[in-house]
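Me: Got a model open here and want a quick walk through it. Can you take my questions as they come?

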Amino acid sequence: MSHGPRSGLTAVSSALLAMSRHLEVRDVLKTIVASARELLDAQYAALGVPDDHGGFAQFVVDGVSDAQWKAIGPLPRQHGILAAMLQDAKIERLADVRKDPRFEGWPSAHPDMSDFLGLPIRDGDEVIGALFLANKNCPKPEGSCGFTEEDEDLLAILAQHAAIALTNARLYERSRELTIAEERSRLAHELHDAVSQKLFSLRLTAQAAAALVDRDPSRAKGELQQVAALAAEAADELRAAVVELRPAALDEDGLVATLRTQIQVLDRAHTARVTFDSCGVRALPAAQEEAVLRVAQEALHNALRHSGARHVDVSLSRREGGTVLRVTDDGSGFDPKSIRRAGRHLGLVSMRDRASGVGGVLNVESAPGKGTTIEMEVPGG
């Protein structure tokens, strides 16, 4: 390395401290990769967590732009140098990765790489990842590797601590999953008690209304109004409790990937064509991502269940410093004013509350026979 011993030690210490600050697996992976690239002064760095099917469950890169990464295409498979690191569990230091007999090429959009340093991340006997760097930022004679034995030693130290940080993050997430499962069990019991009481009251009130219809229509009308109020309360209790459980996929994959996955499922499950498009949206604070996801889910539910739409289009985009969600359908539409007068909301109140709760706004455009567009804008992204 070009750093002196003191500056090198400081850099290693900073990298280890950065890794210890995170508990989410994805954040730990990003920190490991960024720390490795900075520590060894490389142009590119990546870390792959293998799955059991010849691919990677997660793959994080540093030094590659979002546009480049998107153009590269699907995640790599476990082959070539990557497979060697995972299977042989040894350090690979190459002057030119392209000339290695195990090199199998890469997609056309992939950045060009030459000198290469990689090693496995191990937890005991288990290989839990492969960390590698390419293109050392230093002068190097033709055919020589910029990475040194000192770089190997530093990366090995980083990998040992990366294994600890990654294992801790996994344990934390498993603990959180157990907590969520326990919370859901508790919630199920509470919901059963609360909603059962509401439904019991609703049933008695409906029976009273039926008995009064002929002999006292006025009182029957009052009882029916009470039925409507009880039904609304039961629905509100269900919604309020259930929507507070943040989807695990959102924590792990982020808003764009979670929305894309859910919309692909809806597209297969319904006769309507459901599409998704995202352009230039970066990660949002957790509360905003959850609010956007919930509004999208509510709008999709309305479009697919109530509107008779043949096409539903969902998009996420940037607009003057904000992130915009749009859900547009070609369904039957409705008059928003008449919906409010009739006491029906189609979830619009909930959606507006969610938007305003994270500093955003919600706009609804609809008319009978003209379809519906739900647009939510939140700052940032």
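Predicted model: local features only at pLDDT ≥ 70, side-chain atom pairs only at ≥ 80, totals over all residues.

Me: How many helices and strands does the protein have?
Reply: Ten helices and ten strands.

Me: And how much of the protein is buried?
Reply: Buried residues make up 41% of the 381 residues. The exposed surface comes to about 20,700 Å². Carbon and sulfur atoms supply 52% of that area.

Me: On to the cores. How many residues are in the largest nonpolar core, and which have the most contacts inside it?
Reply: The core has 34 residues. L259, L325, I374 and M376 have the most contacts inside it.

Me: Which elements give two or more residues to this core?
Reply: Among the helices, α7 (248-269), α8 (286-306) and α10 (348-357). The strands are β6 (273-279), β7 (311-319), β8 (322-329), β9 (361-366) and β10 (372-379).

Me: Which one gives the most?
Reply: α8, with nine residues.

Me: What is L325 in contact with, leaving aside neighbours within four places in sequence?
Reply: L259, I374 and M376 are among its contacts. L325 also touches V292, V295 and A296. Then come V314, S315 and L316, plus E375.

Me: Switching to α4. Is that helix mostly covered or mostly open?
Reply: Mostly covered. α4 spans residues 80-88, and seven of its nine residues are buried.

Me: Which ones are buried?
Reply: G80, I81, L82, A83, A84, M85 and L86.

Me: What do the buried residues of α4 pack against?
Reply: Five strands are listed here: β1 (42-50), β2 (56-62), β3 (92-94), β4 (116-123) and β5 (126-136).

Me: Last topic, A231. Where is A231?
Reply: In helix α6, residues 217-242.

Me: Buried, exposed or in between?
Reply: A231 is partly exposed, because its relative accessible area is 36%, and that falls between the 20% and 50% cut-offs.

Me: How far is A231 from S201?
Reply: They are 30 residues apart in sequence. In space, A231 and S201 are 9.6 Å apart, C-alpha to C-alpha.

Conventions
Residues numbered from 1 in each chain as written. Heavy atoms only, no water. Buried < 20%, exposed > 50% of the residue type's maximum accessible area, 1.4 Å probe, protein only. Helix = DSSP H or I, 4+ residues; strand = E, 2+ residues; numbered from the N terminus. Contact = heavy atoms within 4.5 Å. Areas by Shrake-Rupley, 256 points an atom, 1.4 Å probe, with all protein chains shown as cover. Core = buried A, V, L, I, M, F, W, Y, C linked by side-chain atoms within 4.5 Å.
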